[in-house]
Amino acid sequence: MTKPQGIAVLGATGSVGSNTLDVIARHPDRYRAVALSGNRQLERLFEQACRFRPDYLVVPDAASAADLAFRLRSAGVSSQVLHGAQALEQVASLPEVDMVMAAIVGAAGLPSALAAARAGKRILLANKESLVVAGRLFMETVRRHGASLYPVDSEHSAIFQSLPHDYAGNPDASGIRKIILTASGGPFRARSADSLLQVTPDDACNHPNWVMGRKISVDSASLMNKGLEVIEAHWLFSTPPESIEVVVHPQSVIHSMVQYRDGSVMAQLGSPDMRTPIACAMAWPERIEAGVASLDFFSLGALSFEAPDLERFPCLRLAFDALRAGGDAPAVLNAANEVAVSAFLDGRLRFVDIPRVVGEALAAVDLRASQSLDGLLSRDAEARRFAEQQVAAC
Ligand SMILES: NC(=O)c1ccc[n+]([C@@H]2O[C@H](COP(=O)([O-])OP(=O)(O)OC[C@H]3O[C@@H](n4cnc5c(N)ncnc54)[C@H](OP(=O)(O)O)[C@@H]3O)[C@@H](O)[C@H]2O)c1
């Protein structure tokens with residue numbers, strides 16, 4: 001019998017992280033959780049540790065590490081508890097780790113995802129912000145160190161599955177006309193512009209089809225999530241912005257498509273359940289059981305499609321603009337958006353002011369390309385400071 005493959009689940013306590021553990025639990029012969037990380041939900045991390053018995057746990061600071069280590073010892077669990085951002089990079093690079101699930105939310109997930117790339121791991125990439133902030137650097141690091149990258153975002157997993165299996169990053173050579181990213185449209189798809197003035201964080205997080213963390217839920221409601229995905233698709237599949245189209249498809253059954261030169265469209269369909277793209281990334285080219293209900297075509301009803309409304313949801317346009325502007329524009333877009341979304345979730349900013357803060361950051365912060373990770377991180381910090389000032393002024 002072959003040894004189970006070791007997985008580090010970074011962001012284990014989150015929505016993608018928990019779904020990953022669910023898939024791992026279905027295949028104890030194939031996969032073993034070597035390391036798990038959490039940030040604020042330490043009770044959940046404790047429960048996960050008791051169940052999965054990983055070698056390592058990572059928490060944000062020394063005090064929570066000591067507390068968790070004490071509780072684990074009392075429960076008879078011998079996991080070693082590490083702390084801090086460096087520890088995330090450390091576990092992502094362990095020799096016993098074959099694959100890294102990068103499921104930390106936001107730019108905070110970038111350094112550990114990059115560490116996994118430097119260590120030549122199989123990277124299961126949920127953290128789209130890594131590619132938005134540092135697309136060129138990230139892709140170069142993956143190539144240079146022989147890492148492999150498997151998208152976990154359901155749209156990018158769909159595109160990956162709809163591309164030729166030998167796709168080598170040249171859309172023209174593969175006869176690709178365009179990549180079509182589907183978007184559910186989020187909870188406010190049918191709302192009037194005026195009614196968006198009053199929406200609350202709970203309204204924004206009440207997604208019609210997907211259960212997700214609060215940050216990505218707000219991004220889905222503003223269509224910034226689709227904008228980040230456009231940038232992610234550009235880097236993953238070497239597609240120019242003019243060959244990426246967004247189509248609103250409220251049922252979230254078609255997860256994305258590739259249109260070819262001869263008129264064919266290849267699509268991937270499935271129930272809206274993240275365990276499908278997670279299992280696909282873990283096992284590809286094999287297909288494993290993921291606990292996902294089969295699509296029942298007889299009860300699906302109609303599938304519908306519409307164009308996104310960039311007047312009511314300007315974040316998608318801002319993301320396309322940032323991708324076309326190049327340089328550090330996507331990093332500035334992302335940083336300002338993280339600040340604005342966090343302020344909205346805290347009740348300090350209206351939903352409709354999110355694009356305003358992002359647009360002002362793109363107009364004011366230097367967008368010239370940084371040449372290193374340190375440069376990008378300082379640009380990220382500069383954009384955050386600027387966005388915080390804008391939030392305070394709103
Ligand atoms: N959810 C989805 O269906 C979905 C689909 C496609 C892509 N994604 C992408 O996957 C990533 C995770 O999304 P999610 O919905 O799973 O988010 P989530 O539920 O909010 O989980 C985020 C995870 O990151 C941890 N975390 C947060 N801030 C951190 C920090 N500063 N340092 C270290 N860890 C930190 C959280 O820890 P605590 O919970 O312990 O605080 C949690 O484990 C995002 O980039 C998102 O865009 C998600």
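**Stop one: the sheet**

Select I180 and you'll find M257 of β10 standing opposite. Strands here, like helices, are DSSP runs numbered from the N terminus (E, at least two residues, for strands; H or I, at least four, for helices). Helix α7 (residues 154-162) packs on the sheet, touching β8, β10 and β11, where contact means heavy atoms within 4.5 Å. The direction of α7 makes about 40° with that of β10; axes are lines fitted to C-alpha atoms, for helices over the stretch in contact, and angles run from 0 to 180 degrees between N-to-C directions.

A quick note before moving on: this is a predicted model, so local features need pLDDT of at least 70 and side-chain atom pairs pLDDT 80 or more, while totals for chains, interfaces and linings use all residues. Residues count from 1 along each chain as its sequence is written, and side-chain values use heavy atoms, leaving out hydrogens and water.

Now colour β8 (residues 176-183) and β10 (residues 254-260): they run antiparallel, joined by four bridges. Two strands pair if DSSP finds at least two bridges between them. Zoom out for the open sheet of four strands, ordered β9-β8-β10-β11 with mixed pairing. At its edges sit β9 (244-248) and β11 (265-269), each pairing on one side only. From one strand to the next, the twist averages 20°.

(A pocket, on a 1 Å grid over the protein atoms alone, is an open set of points where a 1.4 Å probe fits, with protein on both sides within 12 Å along at least five of seven lines; lining residues have an atom within 4 Å of a point.) α6 (128-144), β7 (148-151) and α10 (224-237) each supply at least two lining residues.

Which bond joins W284 and P285? A cis peptide bond, with omega about 10°. P285 lies in the loop between α11 (275-283) and α12 (297-300). Finish at R53, whose phi is positive, near 45°.
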